[in-house]
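I opened the model today to look up surface patches and charged pairs. My notes follow.

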Amino acid sequence: MCQHQTPCPTAGASDREAARTVARDDVLGWALLCNGVLLFDDTGELLPDGQIIPPHRPTALTGAAA
């Protein structure tokens with residue numbers, strides 16, 4: 001799907017979120033990447049094969065003063 005040189009990571013790659021954005025809707029909170037991944041603002045993802053990746057935002061602050 002990607003026509004870039006150097007090609008973007010595939011939808012199955014661990015770094016798939018590094019692919020270029022080809023469309024986005026800031027009101028609805030999603031971006032379509034050139035590898036077919038639909039990336040949501042809450043960090044959830046929908047892969048081209050229909051697999052759902054749940055949001056994976058950090059849940060704890062690291063290095064914060066107590």
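I started with phenylalanine 40, which is partly exposed because its relative accessibility is 32%. My cut-offs are under 20% relative accessible area for buried, over 50% for exposed and partly exposed in between (1.4 Å probe, protein chains only). This is a predicted model, where local features need pLDDT of at least 70, side-chain atom pairs count only at pLDDT 80 or more, and totals for chains, interfaces and linings use all residues. Residues are numbered from 1 along each chain as its sequence is written, and side-chain values use heavy atoms, with hydrogens and water left out.

I placed phenylalanine 40 in strand E3 (residues 38-40). Strands (E, at least two residues) are DSSP runs, numbered from the N terminus.

Next I checked the patch. Phe40, Leu46 and Ile52 make up a nonpolar surface patch with about 270 Å² of accessible area together. Patch members have over 30% relative accessible area and no salt bridge, and nonpolar side chains (Val, Leu, Ile, Met, Phe, Trp, Tyr) are joined within 5 Å. Areas come from the Shrake-Rupley method with a 1.4 Å probe.

Then I turned to salt bridges (a side-chain nitrogen of Lys or Arg within 4 Å of a carboxyl oxygen of Asp or Glu). I found two.

One joins glutamate 45 to arginine 16 at 2.7 Å, N to O. Glutamate 45 sits in strand E4 (residues 45-46), and arginine 16 lies in the segment before strand E1 (21-25), 29 residues apart. I noted both residues as buried.

Aspartate 26 and arginine 24 also pair, at 2.8 Å, N to O. Aspartate 26 is exposed because its relative accessibility is 57%. Arginine 24 is partly exposed, at 48% relative accessible area.

How values were computed
Helix = DSSP H or I, 4+ residues; strand = E, 2+ residues; numbered from the N terminus. Patch = residues over 30% accessible without salt bridge, like charges linked within 9 Å, V, L, I, M, F, W, Y side chains within 5 Å.
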